[in-house]
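Subject: Structure handover

Hello,

Here is the structure for your files. Please open it alongside this note.

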Amino acid sequence: MNSYESKKKIRYNIINEKTSWSRRLKKIEMIINQILKNPVYFIDKKITILNIDFLLTDNKKIKELNKKYRNMNKSTDVLTFSSTQIINRNLLYQYCDIVLSIETIKKDCLKLKIDFYHHLTHLIIHALLHNNGYNHNTESNSLKMQNLEVLILKKLGIRNPYN
């Protein structure tokens, strides 16, 4: 288990289901730690502890989860699942599962001619923002979320993926 300490506590686990992710684990851990250095974007002020599980998997597994929980019979690059547990008035736990498919991510990187780790960083940020209540269900919400993604990516030295 890894954790990033701040006023709020963020803990995370990386669960590697597929050997195709194995050689990338150290870099992924480094990326997650860099992202979580700005926890203000990813943890609601009401939440005391955020527990994140990153499930590194493939198209078969992500398609199965997408069908089961979103009624969409297709693979995707990332899925985010969230829940909150109230321990008492002053202690709120939030749980977040972020599922990533290496096959779709690699395919998208080749298609878009972008760096794998930059794209992965963007997807993790996108998923964490979803966990914190951001969405892209309207044009206004989408623009708000994209602007925040671009701001965070810029802080990490990664160019705007929307240009």
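This is a predicted model: local features need pLDDT of at least 70, side-chain atom pairs count only at pLDDT 80 or more; totals for chains, interfaces and linings use all residues.

Numbering starts from 1 along each chain as its sequence is written, and side-chain values use heavy atoms, with hydrogens and water left out.

Helix pair. Helix α4 covers residues 102-112 and helix α5 covers residues 116-131. They pack at an angle of about 120°, with their axes 10 Å apart. α4 and α5 are therefore oblique to each other (under 35 degrees is roughly parallel, over 145 roughly antiparallel, 65 to 115 roughly perpendicular, the rest oblique). From α4, the contact (heavy atoms within 4.5 Å) uses Ile102, Ile105, Lys106, Asp108 and Cys109. From α5 come Phe116, His119, Leu120 and Leu123.

Largest pocket. Its volume is about 540 Å³. A pocket here is an open set of points on a 1 Å grid where a 1.4 Å probe fits, with protein on both sides within 12 Å along at least five of seven lines; lining residues have an atom within 4 Å of a point. The lining has 25 residues, and Thr76, Asp77, Val78, His126 and His136 are the closest to the centre. α5 gives the most to this lining, with six residues.

Second largest pocket. This one holds about 180 Å³ of space. Its lining includes Leu112, His118, His119, His122 and Arg159. Again α5 gives the most, with three residues.

Best wishes

How values were computed:
Axes are lines fitted to C-alpha atoms, for helices over the stretch in contact, and angles run from 0 to 180 degrees between N-to-C directions. Helices (H or I, at least four residues) and strands (E, at least two) are DSSP runs, numbered from the N terminus. Grid points are joined across faces, edges and corners, and a volume is the space filled by probe spheres set on the points.
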